[in-house]
Amino acid sequence: MSRRRLSLAVVCAVLVVLCTVPALGAQKVTITFGNFSAGSDNEATLAAMKAAFEKANPDIEVKLHSTGYGEYFRLLQTQIAGGTAPDCYELNYENFVAFAAKNALVDLGPLAKTTGVSFSGYDANALDAFKYNGKQFGVPGSYSVVLLFYNKDLFDQAKIPYPNDDWTWNDVIEAGKKIRALGDDIFGIYQPVQFWEFYKTIAQNGGSLFNGDQTKFTVNSPENIEALQYMVDKVIKHNIQPTEAQKSGQGDWDIFAAGKVGMIVTGNWAFTFMKDAAKCRWDVAVEPGNTQKGCHFFSNGYVINESSKKQEAALRWITWLSSSQESSMLRVEAGWETPPVSDESVINAYVAQRPPENRKAVFDSLKYLVTPPVIEQFNEMAAIVDLQLEKAREGEKTPQQALDDAQRELEQKIKL
Amino acid sequence: MYIGKGRQRQTTIMAFLAPTVLGFLVFSFIPILRSLYLSFTSWDILQPAEWVGLENYRILLGSEEFWRVMRNTAEYIVLYVPLMLIMSLGLASLLNREFRGVGAYKVLFFLPVLTSWVAGSLIWRWILNHKYGLVNILLGYIGIEGPPWLDHRLWAMPGIVLASVWKDVGFFALIFLGALKGINLEYYEAAEIDGASRWAKFRYITLPLVSPTTFFVTITSIINSFQVFAQVQIMTNGGPAGATQVIMERIYKYAFQFFKMGYASALSWVLFAIILVITLVQWHLQKRWVFYDG
Amino acid sequence: MMVKRTCLLRTVLFYITISLVAFFMILPFLWMISTSLKESEAVMVLPIKWIPEKISFKAYKDLFTISTMVPFHRAAFNSLVVSILTTFLNLASASMAAFALAKFDFEARDRVLFAFLATMMVPGAVTMIPNYLVLRTLRLTNTFIGLVLPSIYNAWALFLLRQNILAVPDSYFEAAIIDGATPFAIYRHIVLPLVKPILASLGVLTFMGTWNDYLWPLIMISDPDKMTLTLALGNLNSRWGQRWELLMAGNLISMVPIIIVYAFAQKYFETGISVGGLKC
């Protein structure tokens with residue numbers, strides 16, 4: 001045996017020992033993982049993923065910090081301000097930019113090299129979305145689109161054809177009226193009147209929150225006012241959409257599942273819930289637009305806390321969670337959003353799942369995607385616009401007044 | 001009292017005062033000054049504070065939001081204070097006698113006071129549910145169709161007031177009970193000899209004699225009304241359409257959700273100013289309105 | 001005979017009235033208990049059933065098994081620790097200062113008292129933000145110590161205690177002073193026992209106030225393992241807000257300890273309120 005070979009053997013032996021030591025040693029790393037998108041419906045799926053990961057990586061224990069969406073960002077912000085954020089956590093795209101800009105996140109590129117983790121399993125576009133200033137500050141976890149869910153039974157009863165890709169706002173209103181006529185407590189559609197729906201609906205009408213180079217707000221443009229008019233008319237003028245009082249605190253998913261509303265506009269993350277809960281036949285279609293089509297594209301990514309002391313373990317967990325075959329298949333089977341992977345077999349498995357019948361609408365929607373408007377004071381902007389939208393929905397202000405007031409307040413309080 | 005001498009005595013005094021004085025400086029005196037300073041700056045924790053002069057106050061007082069918040073608070077006070085006064089005085093009158101089981105009844109009236117506002121808010125969010133809530137079901141028994149309470153901009157504040165009265169009435173009843181027990185029984189005996197009716201006794205003896213307490217309770221509950229937080233945060237989160245936004249809720253949102261510490265501090269100083277004015281008015285009015293038992 | 005009958009009638013009427021009022025006061029609790037004992041599907045059913053058709057303890061079981069950020073028993077333990085620490089710190093610090101301000105004459109006394117009195121008018125909202133910032137600088141956010149520490153200064157408790165200590169005649173101490181007792185011994189063995197009732201009242205009030213507090217822990221605590229019960233309930237609400245039976249079960253459990261405390265300390269609680277007025 002030559003000397004060189006011997007030394008190679010020694011090096012290998014040392015490497016093997018080094019690699020097995022952490023597994024053998026009692027030193028188990030515990031990492032915390034903050035998340036919101038599992039909600040209550042995909043709780044079990046996330047737990048199964050965690051169990052599978054821990055089985056494959058006996059040296060790491062994952063602690064799940066699961067919060068509801070509403071509470072999540074409030075808590076996360078306090079945690080970051082107080083320096084106690086989880087080791088790794090989920091962020092939606094709109095907050096990702098703000099957090100990356102504030103240097104709260106770890107650059108995953110160098111970390112991946114030292115940890116020996118590869119990003120090759122991801123869909124390239126999805127991966128790019130979580131770059132900021134050319135650095136990979138997060139990995140995509142899942143993405144989702146918003147679709148038009150419809151109740152086939154109610155459409156049949158009203159004797160109208162099912163929605164298709166050519167539908168526009170008018171078709172929605174006409175179909176909504178016919179379904180509303182079916183009964184006192186049956187409604188045509190539910191599409192929440194809030195910030196997220198608003199920036200998408202105005203895009204369907206060629207409008208936008210800002211001017212082209214994002215230096216000025218254009219919230220009260222004529223296109224936007226027309227779009228809000230459409231959203232509000234469904235509630236007040238036609239009442240094909242229940243008012244908040246008529247809805248009386250029930251969730252929109254619940255009333256759809258109970259067969260009380262013909263259409264709802266919600267994300268493909270509702271598939272899991274509807275599969276079990278819907279008491280009617282239902283399907284989905286690409287959302288109707290007005291002058292053009294526009295579909296929400298939401299992406300949730302996973303990031304690592306800049307001050308975490310367990311970054312390597314955290315990276316192994318989040319990349320496994322979002323790009324391993326095993327975890328992706330668990331996600332697909334549960335219908336919990338869409339995995340951001342390039343693996344054809346996973347994508348095919350997703351499309352083949354039922355219900356709904358028209359799963360490919362998820363991919364069709366990607367042609368018209370509208371991404372969230374990202375600015376640093378995102379939460380405050382959303383709160384200001386939301387309030388005025390509610391005023392319009394309640395009939396307290398006309399869409400024109402509401403958006404004029406929103407414009408004024410935004411100009412006063414938000415730095416672009 | 002005279003313990004120890006000279007230096008030793010001084011050390012003793014200082015030792016006893018140390019925790020409180022330290023706490024006073026760190027958690028009260030310096031924070032008050034700091035908050036005043038912050039209110040003249042724009043500060044979001046991440047970037048350094050920038051002096052903006054009166055800008056925060058100018059935006060604040062010129063905003064639709066601030067006046068909406070004031071209107072909401074006024075609505076709360078107008079509904080809450082009279083209802084609470086009547087109910088708590090009534091309850092105190094009921095309890096102001098010797099009878100079997102008075103202790104047990106007191107416990108029952110006190111349960112809401114013991115409950116945290118978080119628990120109380122969750123209960124009332126459920127009770128005020130449009131369709132399945134207790135209040136509307138009870139109204140239904142007597143043939144009234146209940147309003148959608150927290151989901152409606154006109155009914156949300158009354159809903160919060162109902163919950164607040166329920167939660168606080170036992171507390172204020174106890175204060176009134178103390179005042180009632182302090183009334184000299186001879187007044188009533190004299191009135192009875194003169195043949196006064198129950199109402200007359202209540203109107204001309206009880207009411208004037210508890211007036212210091214009534215006044216105190218009124219002022220205190222008005223001041224408390226300006227600082228309502230948990231019930232709003234949990235029951236409506238300020239909605240619908242801002243109909244239940246109140247100052248503390250705004251301060252919390254600006255400071256800990258938008259991280260606008262400067263603006264939030266300005267809001268807190270406006271709150272302070274309001275409370276100060278009420279307190280001064282209280283001192284002024286006290287002399288004229290309240291009848292003291294000589 | 002006649003007199004006796006009207007008397008009886010009045011008594012009956014009285015009991016009916018007061019029972020009716022009491023009934024309405026506790027109706028929300030009965031409704032809460034009833035809801036918490038229902039199964040999920042039975043909660044939203046009309047017409048409502050006051051007594052569930054099938055009594056189920058599933059909500060209570062779920063409460064400890066479903067995924068929330070913080071397990072309920074853990075949160076209860078945290079609340080207990082925080083409330084006890086706060087109460088202790090508050091009473092110790094306030095009573096010491098009250099003793100010094102009541103029984104020692106010194107030059108700056110009136111000015112000190114005035115400064116304390118002045119801060120009582122400032123609403124908590126003003127100091128809340130700077131307090132958070134100070135504790136953040138000290139790296140004490142998200143710790144029990146940070147949560148508890150501001151209660152070291154409580155002007156209201158201090159004045160109440162001072163008032164009570166002032167009323168203690170100096171003659172009580174004289175013998176001890178002649179015997180050479182240290183000031184601390186006098187404070188510990190003579191003053192504190194004499195003001196025990198007011199300490200107890202203050203203690204009970206502080207304990208309950210802390211147990212039920214929401215805003216301060218909401219700002220200070222973000223680590224799930226350190227969350228108090230009110231935060232745990234808020235979290236439960238944000239995540240399982242539509243499962244009323246679960247929320248009501250959580251509520252009920254969060255109330256039990258405080259009711260027990262009240263049952264044991266009812267007397268102190270009531271004097272605390274009527275003596276101290278309204279600041280709790």
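1. Start with where chain B meets chain C. In this predicted model, the contact draws on 64 residues of chain B and 67 residues of chain C. On the chain B side, helix 1 (residues 6-38) supplies the largest share, with 16 residues. Sort the chain B side by class and you get 49 nonpolar, 14 polar and 1 charged residues.

2. Now look at where chain C touches chain A. Here 14 residues come from chain C and 15 residues from chain A. Helix 13 (residues 229-240) of chain C gives the most to the chain C side, namely 4 residues. What classes turn up on the side of chain C that touches chain A? That side has 4 nonpolar, 7 polar and 3 charged residues.

3. Next, stay inside chain A and find two helices. Helix 9 of chain A covers residues 195-204 and helix 10 of chain A covers residues 222-235. They pack at an angle of about 120°, and their axes are 9 Å apart. Why is the pair called oblique? Angles from 65 to 115 degrees count as roughly perpendicular and those over 145 as roughly antiparallel, so an angle of about 120° makes helix 9 of chain A oblique to helix 10 of chain A. The crossing of these two helices is right-handed.

4. Which residues do the touching? From helix 9 of chain A come A:Glu197, A:Phe198, A:Thr201 and A:Ile202. Facing them in helix 10 of chain A are A:Glu223, A:Asn224, A:Ala227, A:Leu228 and A:Met231. By class, this helix-to-helix contact has 5 nonpolar, 2 polar and 2 charged residues.

Conventions. Residues are numbered from 1 along each chain as its sequence is written. Chains are lettered from A and ligands numbered from 1 in the order in which they are written. This is a predicted model: local features need pLDDT of at least 70, side-chain atom pairs count only at pLDDT 80 or more; totals for chains, interfaces and linings use all residues. Two residues are in contact if their C-beta atoms, placed from the backbone, lie within 7 Å. Ala, Val, Leu, Ile, Met, Phe, Trp, Tyr, Cys and Pro count as nonpolar, Asp, Glu, Lys and Arg as charged, and the others, Gly among them, as polar. Axes are lines fitted to C-alpha atoms, for helices over the stretch in contact, and angles run from 0 to 180 degrees between N-to-C directions. Angles under 35 degrees count as roughly parallel, over 145 as roughly antiparallel, 65 to 115 as roughly perpendicular and the rest as oblique. A crossing is left-handed if the near helix is turned anticlockwise from the far one by less than a right angle, and right-handed if clockwise.
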